[in-house]
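Okay, everyone, thanks for coming. Let me put the structure up, and then I'll walk you through it.

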Amino acid sequence: MPEISISKTASAGSVESSDCLVTVTPADSIEIDYSGANKKIFEKRTEAMTRAILAEYSVTAGRVHIQDQGAIEITLRARIETAVERALEARLP
Amino acid sequence: MTDFVINSIGRRVPLNVPGVGSFEPYAGAFQKAGPSRAAGAPVHPRSPQRTKSKVAESLEQAIKRSGLEDGMTISFHHHLRNGDAVIPMVLEALQAMGFRGLTFAPSSIPDAHDCVADYIMRGLIGRLYTSGVRGKLGTLVSSGEAGIPVVIRSHGGRARAIEEGQIAIDVAFLAAPACDAMGNVSGSSGPSACGSLGYAMTDAMFAKHVIAITDNLVDYPVGRNISIPQHKVDQIVAVPSLGNPKKIATGAARITRNPVDLKIAKDTFRLMKASGAIAPGFSFQMGVGGASLAVSAYLEEYMKGKGIVGSFGLGGISGHMSRMLEQGLFKSLFDVQSFDSAVTDSVRNNPNHVEIDSSWYANPFNAGCLAHSLDCVILAALDVDVNFNVNVLTGNDGALRGASGGHCDAAAGAALSIVVLPSFRGGVCSIKDSVSNVTTPGETVDAIVTERGILINPLRKDLIERAISAKLPIVDINELKDKVERLTGKPEPPDVDEGDVVAVVEYRDGTLIDSVCRVKK
């Protein structure tokens, strides 16, 4: 398994209600920053989901900032995946 | 240490609230009998004398003459909505005059009044009795920092508590959109006209001392629409303005174009039709939330088409309801609170648009409140649980952010009570295993309508049968919760300290239906 670090900044989503804005930036290790009105009730869920997505892409270092405007799970997942893919685009064949 | 008990719907409530007194636990919506004797209205003692004016020189002078002392109870109404400047004006004067530890007992607190939180911290307010707690005040109370007893009551419950003497108002400060020099007050004219003064009427009847505050001192007498008669008013204070007219006179709410709300409204209307409720003599109450208002549009079209004339519309009255009155679709409107300024003209000019006080509206223990004559009510909610309990007070984090209003009163009174809400909101499923706070017990809720199906209380077998015959989309509440949680995820329960009660929630009969616990940081 290759170990991939996020080396450029990329984002996906928006700050419209029911959406989320995910921004991925370089960092030395995995850092997850989840903010929004649902922080208290969905923080653990979101962190676990984000770590799982990063693992799918073999990402071992990078900061993921999620501004949650009330997105449902499938939206969060799609935005996180897209942001990670955009950050990794340069590496893809 | 206060003793706690578990009430009949499984909620933990204290038997005693320090600084307030003892309470009984909730035992069922119609279990508690009324008191054998009510407190009765205090007399307004004064020697018989001829007088042509009760206008005081200033607010300060009126307060001094009222006999108000530290620790006494003051009341206000919330009919001026978010335009109200009277609550801040009076609290500022009381603070400047050095009062301490007053019981602040308004009918509700407009969203804009963050100043109430400041006056709690400064010691002016030592107890809080209200319908709603929102914004900065909600954060202050929920964090436990307010450090004062808080009792939340419904509109009907407040009227009952006033009549029983649990809220003994010493001085009522009543914003008066029109007032003459003897204190006849009208809510439906003047630059700050707001329509009905229903909640203020109850306060005026039972307060020991009443001060009307007006920006519209008119020639005697005030006119035909007298909300509060002169014999209940002790003093009058004339001020330049009662508040921001733009925020007092909100326009009529428009019918929503949100497809989710429209789907909910359409299915709600179909359920009402299937239940057989919509017949000649039909009586109805609804809110002004997106889906509720849209229901009335379907209802209007149907009643017109079928030539059905209803008996009465009740409650907070919207512009849409007054239009239905004008069209002859209801014989009368009973208006305890006008939701928007589109109603003001109807209150003033339509003799069938009747201003009612809050006891007449919903007090469970008088000889017959209007809520108990309702055929159908449409109510909104913050969230609900699988036992059909409804929360309108606390958010997903457990913090106070809403108002009890007439929710539990109308739900208990109406033959058909329907709660409308989207299946999820802000990424969170609206159906919980257990709501963070019960305002309205599930035994008084007949159905919940979401855009993903109609949930009918298993207690209402008759309604289930009718809905099945009408081929309505009925869904099991547990199944829908699971289905929606697969979309949204399952939220963690609010992180609260069960041992630290920051507010108690009275059911309309005065028993405690729930307590609000401190939200941990």
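Before we start, one term: when I say contact or packing, I mean heavy atoms within 4.5 Å. And two bits of housekeeping. This is a predicted model, where local features need pLDDT of at least 70, side-chain atom pairs count only at pLDDT 80 or more, and totals for chains, interfaces and linings use all residues. Residues are numbered from 1 along each chain as its sequence is written, chains are lettered from A and ligands numbered from 1 in the order in which they are written, and side-chain values use heavy atoms, with hydrogens and water left out.

Let's begin with a helix. Buried means under 20% relative accessible area, with a 1.4 Å probe and protein chains only. So, how many residues of helix α5 of chain B are buried? It's 9 of its 10, over residues 155-164. Among them are His155(B), Arg158(B), Arg160(B) and Glu163(B). What do those buried residues pack against? In chain B, that's β5 (73-75), α6 (198-206), β18, α12 (358-362), α13 (407-413) and β30. Just after the helix, Gly165(B) takes a positive phi of about 95°.

Next, the cores. A nonpolar core is a set of buried Ala, Val, Leu, Ile, Met, Phe, Trp, Tyr and Cys residues joined through side-chain atoms within 4.5 Å. The largest one has 86 residues, and Ile213(B) is one of those that touch the most other members. Setting aside neighbours within four places in sequence, Ile213(B) has contacts including Leu59(B), Met89(B), Phe173(B) and Val239(B). There's also a second, separate core of 39 residues, which includes Leu293(B), Val295(B), Met321(B) and Leu463(B).

On a 1 Å grid over the protein atoms alone, a cavity is a set of points where a 1.4 Å probe fits but cannot get out; a pocket is an open set with protein on both sides within 12 Å along at least five of seven lines, and lining residues have an atom within 4 Å of a point. Grid points are joined across faces, edges and corners, and a volume is the space filled by probe spheres set on the points.

The largest pocket comes to about 1200 Å³. It has 41 lining residues, and Arg134(B), Val288(B), Phe339(B), Ala403(B) and Gly405(B) are the closest to its centre. Strands giving at least two lining residues include β17 (310-317) and β18 (330-338) of chain B.

The second largest pocket holds about 550 Å³. Its lining counts 28 residues, and among those nearest the centre are Ser434(B) and Pro493(B). Which element gives the most to that lining? That's β31(B), with 4 residues.

As for cavities, the count is 1 at 30 Å³ or more. The largest cavity has about 40 Å³ of space, and its lining includes Asp111(B), His113(B) and Arg134(B).

Last stop, a sheet. Strands pair if DSSP finds at least two bridges between them. In chain B, 3 strands form an open sheet in the order β22-β21-β27, with mixed pairing. β22 (390-391) and β27 (431-432) stand at the edges with a single partner strand each, so one side of each has no neighbour in the sheet. β21 (383-385) and β27 of chain B run parallel, joined by 2 bridges, and Asp385(B) has Lys432(B) as its bridge partner.

Technical notes: Buried < 20%, exposed > 50% of the residue type's maximum accessible area, 1.4 Å probe, protein only.
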